[in-house]
Amino acid sequence: MENQADMESTVGGNTQVGDVPPVEGVAGGGTAYGWNDGGFHSNPIRGTVDPTKVPSSELLHVWCMPSTSNVCQQEVPRSLECINLLAARNEKESAQLAIRPKVTWGGPDIAGVVQVHCTDLCSTSGGRLVVGESLTLRRVVSILGVPDALVPLDLPVTQLNLLPGETTAIWVSVDVPAGQPPGQYEGEIFVTALKHAEWLPILSSAKCLTKAEKHEIYRALRGCLDAAEQIDIQAQEEVVQRMKMANTDLKRILASPTFSECSLDNSVVDMMDEDGFTNLSVRIKISVTVWDFTLPTTPSLPAISETVIEDRYGIRHGSDEWYEALDQHFNWLLQYRISPFFCRWADGMRVLAYTSPWPADHPKSDEYYSDPRLAAYAVPYNPVFSSGDSAKDILRKEVETLKTKTHWKKAYFYLWDEPINLEQYDSIRKMSTEIRSYALDARVLTTYYSGPSDAPLAPSTFENFIKVPKLLRPHNQIYCTSEWVLGNREDLVKDITAELLPEMGEEWWTYVCLGPTDPHPNWHLGMRGTQHRAVMWRVWKEGGTGFLYWGSNCYEKATVASAEIRFRRGLPPGDGVLFYPGEVFSSKQLIASARLERILSGLQDIEYLNLYTSKYGRDQGLALLEKTGVYLGPERYTLDHMAIDVMRAEIFNACRSDH
């Protein structure tokens with residue numbers, strides 16, 4: 001397997017090194033991208049192309065794809081259909097829009113420029129999902145040849161350069177607020193080929209203008225446009241024609257991203273006259289059914305993930321920049337239903353895990369721990385920062401403060417990662433004894449994939465593994481085991497859970513790290529989209545009560561945030577990385593991966609299945625997973641998105657009348 005660091009790549013919107021097939025993760029990843037032109041032919045248009053006189057459909061292939069598709073640069077065009085989404089309140093649903101040029105009409109090195117703009121999504125009862133708030137667009141950028149980074153686009157209007165012979169994908173997301181009225185919401189996305197114009201570079205440089213300067217220019221241009229629209233239609237033909245051309249250009253300028261914030265109602269400014277616009281653009285209808293079910297603000301299944309700050313950003317631990325970055329990461333991950341913890345490592349895989357770097361009695365800690373989006377939080381065993389007090393005194397004070405809070409039930413201590421011998425197990429017991437002397441109901445979490453190597457507890461390796469609770473009880477409450485251990489033997493879950501004592505508060509969580517490998521569900525770069533989403537289907541089917549992921553932004557170290565992205569050596573590409581620094585893409589925002597969006601979808605699927613189970617029982621929920629073909633086992637899950645839509649629609653139809 002070729003490590004990421006040994007492969008050439010560029011990111012941030014640049015094309016990948018040519019003729020290198022995409023990274024397919026461990027054992028292939030099942031991407032089957034198809035690195036040829038797919039057999040379709042170019043449009044027969046010859047000579048100079050004027051996109052203001054030719055329907056954009058003759059210049060562009062435009063089609064829709066589900067969120068589980070890996071839309072590569074050589075994706076074969078399909079017929080254009082509407083985007084139809086089903087969403088609960090407090091749910092985010094996504095689809096993709098693919099664009100591929102049929103001919104070249106632009107300047108040097110590009111096929112042409114297209115403008116994409118959206119309308120709000122409106123219901124007949126007056127409800128509205130607003131562009132830029134509930135409806136967002138992001139460009140899908142390849143990492144190591146695999147479509148993964150989702151870079152935000154300006155709204156309500158954006159422009160994209162298309163490259164000859166390449167498919168560009170846009171990630172379309174609808175984020176439904178918790179208080180959104182149910183109903184059918186409809187809107188449109190318009191894709192229009194633009195004529196190369198001299199004002200384009202001017203607009204590009206105008207992004208450095210202040211908001212006041214933009215407003216001044218905007219008012220002047222708006223005045224010119226108003227005057228042009230009032231010219232008598234009976235005037236001389238040449239004057240009318242010139243004014244119409246000026247009218248069209250002015251509207252294009254006002255509709256550009258540079259001036260979108262100046263429009264008082266923030267609605268789309270017409271790019272050209274209504275007839276020309278509707279006649280030339282490719283129109284994609286988007287319909288969203290919002291139903292009367294609200295996903296719980298606090299996720300039913302705690303999904304927690306490590307996040308590191310210093311390695312990537314080159315900032316000093318405890319500096320103002322460090323606190324700012326930590327706060328940004330904390331709040332940003334919560335929107336993906338993930339409860340983050342931050343981490344430092346010591347010898348022998350000892351872990352200092354914490355969700356808040358502030359003391360428990362600090363208002364910021366209470367803000368973090370009380371956030372209803374947070375399902376679980378890590379309490380540090382040792383101080384995050386050194387102080388004059390002893391570590392034992394600090395720990396006692398932390399626990400005694402937290403156990404008086406209503407959010408204490410979310411707390412856990414993550415002390416050791418994958419202990420492998422009796423000495424390490426003994427360290428866990430000693431630390432837990434100290435913690436439990438301050439709060440008997442404290443929870444300790446331990447990850448493991450085997451029993452202690454120097455003191456077998458049972459005759460076989462697997463029996464040794466399932467006997468770990470006997471070794472750690474009562475010092476451990478959350479037994480977090482690797483999915484890799486199970487292989488394709490899902491029946492072994494019963495053997496693991498039979499060893500636990502739920503009446504003593506013991507829980508079974510799982511994790512993925514390195515493995516399992518293809519075709520099993522995991523979050524490696526290059527695996528299928530349904531393979532990413534299936535991680536949470538597996539957790540739900542196996543009956544886990546929580547899930548841990550070892551890293552969210554664990555890249556190779558960098559000195560500045562804008563440095564080239566490099567995955568850690570020796571790991572499958574993408575392992576430990578779920579999002580990217582915005583600075584790499586000239587953005588101040590963190591950049592989600594398509595994999596992270598699919599994780600969110602899987603966590604939302606769990607809420608759907610829990611609703612169905614609450615009405616019809618767990619056996620019926622398991623039967624629904626199997627009947628629709630969504631998930632039967634770690635090697636038998638759907639490769640096609642249609643099965644997911646069928647399952648969700650069946651839950652919608654079965655539960656909407658009672659909810």
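1. A residue is called buried when its relative accessible area is under 20%, and this cut-off is needed for what follows on Phe-585, which has 8% relative accessibility and therefore counts as buried. Please keep in mind that the structure discussed here is a predicted model.

2. Turning to the aromatic rings, the structure holds 23 aromatic pairs. In one of them, the ring centres of Phe-462 and Phe-465 are 5.8 Å apart and the planes meet at 35 degrees, so this pair is described as tilted. Both residues belong to helix α10, which covers residues 461-466, and because Phe-462 and Phe-465 are three residues apart there, about one helical turn separates them. Phe-465 has a relative accessibility of 2% and so counts as buried.

3. A second pair is made by Tyr-580 and Phe-585, whose ring centres lie 6.4 Å apart with their planes at 70 degrees, and for planes over 60 degrees apart the term is edge-to-face, so that is how the pair of Tyr-580 and Phe-585 is classed. Tyr-580, at 0% relative accessibility, counts as buried, and Phe-585 counts as buried too, at 8%.

Notes:
Residues are numbered from 1 along each chain as its sequence is written. This is a predicted model: local features need pLDDT of at least 70, side-chain atom pairs count only at pLDDT 80 or more; totals for chains, interfaces and linings use all residues. Side-chain values use heavy atoms; hydrogens and water are left out. Rings of Phe, Tyr and Trp (its six-membered ring) pair if their centres lie within 6.5 Å; planes under 30 degrees apart count as stacked, over 60 as edge-to-face and the rest as tilted. Helices (H or I, at least four residues) and strands (E, at least two) are DSSP runs, numbered from the N terminus. Buried means under 20% relative accessible area, exposed over 50%, partly exposed in between (1.4 Å probe, protein chains only).
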